[in-house]
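Visitor: Could you walk me through this one in plain words? I am new to reading structures.

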Amino acid sequence: ILFGCQQSNDKKLDNEVSYTDKLETQAEVTEGDFTYRLVTEKAEYSENEPIKIYAELEYTGDREEIEIFHAASPFSFPMVETTRNYEIEYGMDMPLLSTTLVKGEPLRREYVGSGGYSSEDKNEYQDFMKRIMNKEFPAGHYVVNGIADFDIKVSEGTESEEKYEIEAQVGFSVIN
């Protein structure tokens, strides 16, 4: 009975990684004429060591270049810290920007920080998020649920667009 109650009160996330799961440090997904890569440079970091994560988007289609339309960045890096089961949101400004991708030349952006909390959150969660927002990752296991989110015009002179939302996942640990 205790296990059943505990189970119903625990919010389990689909992307939860256990201690024994091997955390991949690189992921590559191809959708249509685009290849999205998500990379963390190491599987294990020390506490207070800078976390290096980046995303790339490469156009592989028939044209020499293509224009994509996106928010402040085509990339977002939301995470889950699976030891505590904390979601680390990735907020972003939402202007409509465009970037020209040249065939065979990946667009690369690095993770620059994330997180947030409200005054109603528990103190433990607020303290955790304050550290994340200062780019000081506490010891734990992290899963990055990277997303490349952008649109392209289907053909010149038309308003019709094709939307892409390519997802990949990598993980890393932070140890004391």
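**Salt bridges, core and surface**

Guide: Glu28 counts as exposed, at 53% relative accessibility, where exposed means over 50% relative accessible area, buried under 20%, and partly exposed in between (1.4 Å probe, protein chains only). This is a predicted model, in which local features need pLDDT of at least 70 and side-chain atom pairs count only at pLDDT 80 or more, while totals for chains, interfaces and linings use all residues. Residues are numbered from 1 along each chain as its sequence is written, and side-chain values use heavy atoms, with hydrogens and water left out.

Visitor: Which side chain does Glu28 meet in a salt bridge?

Guide: The partner of Glu28 is Arg37, at 3.0 Å from N to O; a salt bridge here is a side-chain nitrogen of Lys or Arg within 4 Å of a carboxyl oxygen of Asp or Glu. Arg37 also meets Glu58 in a salt bridge, at 2.7 Å from N to O. That pair links distant parts of the chain, since Arg37 is in strand β2 and Glu58 in strand β4, 21 residues apart; strands are DSSP runs (E, at least two residues) and helices are runs of H or I of at least four, numbered from the N terminus.

Visitor: Are Arg37 and Glu58 buried or exposed?

Guide: Both Arg37 and Glu58 are buried.

Visitor: And what about Glu56, which residue does its side chain meet?

Guide: Glu56 and Arg108 meet in a salt bridge at 3.9 Å, N to O. Because Glu56 lies in strand β4 and Arg108 in strand β10 (residues 107-110), the pair ties together parts that are 52 residues apart in sequence. Glu56 counts as buried at 13% relative accessibility, whereas Arg108 counts as partly exposed at 38%. Glu28, Arg37, Glu56, Glu58 and Arg108 are linked in a network of salt bridges.

Visitor: How many salt bridges are there in the whole structure?

Guide: A search of the whole structure finds 8 of them.

Visitor: New topic: which residues have the most contacts inside the largest nonpolar core?

Guide: They are Phe34 and Phe172, in a core of 37 residues; such a core is a set of buried Ala, Val, Leu, Ile, Met, Phe, Trp, Tyr and Cys residues joined through side-chain atoms within 4.5 Å. The largest share of this core, 6 residues, comes from β12.

Visitor: Where is Asn48, and what is its phi?

Guide: Asn48 is found in the loop between β3 (44-46) and β4. Its phi is near 75 degrees, a positive value in a residue other than glycine. Asn48 is exposed, with a relative accessible area of 59%.
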